[in-house]
Amino acid sequence: MAEEHMTYSADFRAQVIKSVKQSDMSIRQSCTFYSVSKTALQRWLKDSSIKQTRDKPPTKILNEALLKDVEQYPDDYLYERARRFNCSKTGMHTALKRLDFYNNN
C-alpha cells in the first residue's frame, strides 16, 4: 500500500503545538493522541507554517538536459520524451511544468 502524504490544517497544527507547549502532554503523548508522526510535530515546533513548495533540486530529470532535449526535439510527445529520460509521462509533465512550458500566455 502506498504511503499517503497529507497537509494538516494550520488550526490543527496550532492545537497540537498548544497541547505540547502548555505542558498538558509530552511530544510522544501528543503524537499518539493526534495520530501525528514525531518528525512532523518536531518540525511544526520549529516552524508551524504550511510550505507551498519544496527546496529540493530535481534529481532524475535535470533542467539543463530537459531544456536541451526540448530544443533538439520541440514537437515530441510526453511519452517520447519520458522514454528518453527513463521516467513516467507524469514525471515528464511535472518537469516541463517546473520549467514553465505550460504557461498560458
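Predicted model: local features only at pLDDT ≥ 70, side-chain atom pairs only at ≥ 80, totals over all residues.
The largest nonpolar core comprises nine residues. Its members are Val 16, Ile 17, Val 20, Cys 31, Tyr 34, Val 36, Ala 40, Leu 41 and Trp 44. Three helices each contribute at least two residues to this core: H1 (10–21), H2 and H3 (38–46). A second core is separate and holds eight residues, among them Ile 61, Met 92, Ala 95 and Leu 96.

Val 36, a member of the largest core, touches Tyr 8, Phe 12, Cys 31, Leu 41 and Trp 44, with residues up to four places away in sequence not counted.

Ser 30 lies in helix H2, which spans residues 27–34. The relative accessible area of Ser 30 is 0%; under 20% counts as buried, so Ser 30 is buried. Neighbours within four places in sequence aside, Ser 30 is in contact with Val 16, Ser 19, Val 20, Met 25, Ser 35 and Leu 41. Val 16, Val 20 and Leu 41 also belong to the largest nonpolar core.

Helix H4 covers residues 63–72, and Leu 66, Asp 69 and Val 70 are buried there. These residues span an arc of only 100 degrees around the axis, and therefore sit on the same side of H4. An α-helix has 3.6 residues a turn, so residues three or four places apart point the same way. The face of H4 turned away from the buried side carries exposed residues: Glu 64, Lys 68, Glu 71 and Gln 72. The cover over the buried residues of H4 includes helix H5 (78–85) and helix H6 (89–98).

Terms used. Residues numbered from 1 in each chain as written. Heavy atoms only, no water. Helix = DSSP H or I, 4+ residues; strand = E, 2+ residues; numbered from the N terminus. Buried < 20%, exposed > 50% of the residue type's maximum accessible area, 1.4 Å probe, protein only. Contact = heavy atoms within 4.5 Å. Core = buried A, V, L, I, M, F, W, Y, C linked by side-chain atoms within 4.5 Å. Arc of directions from axis to C-beta.
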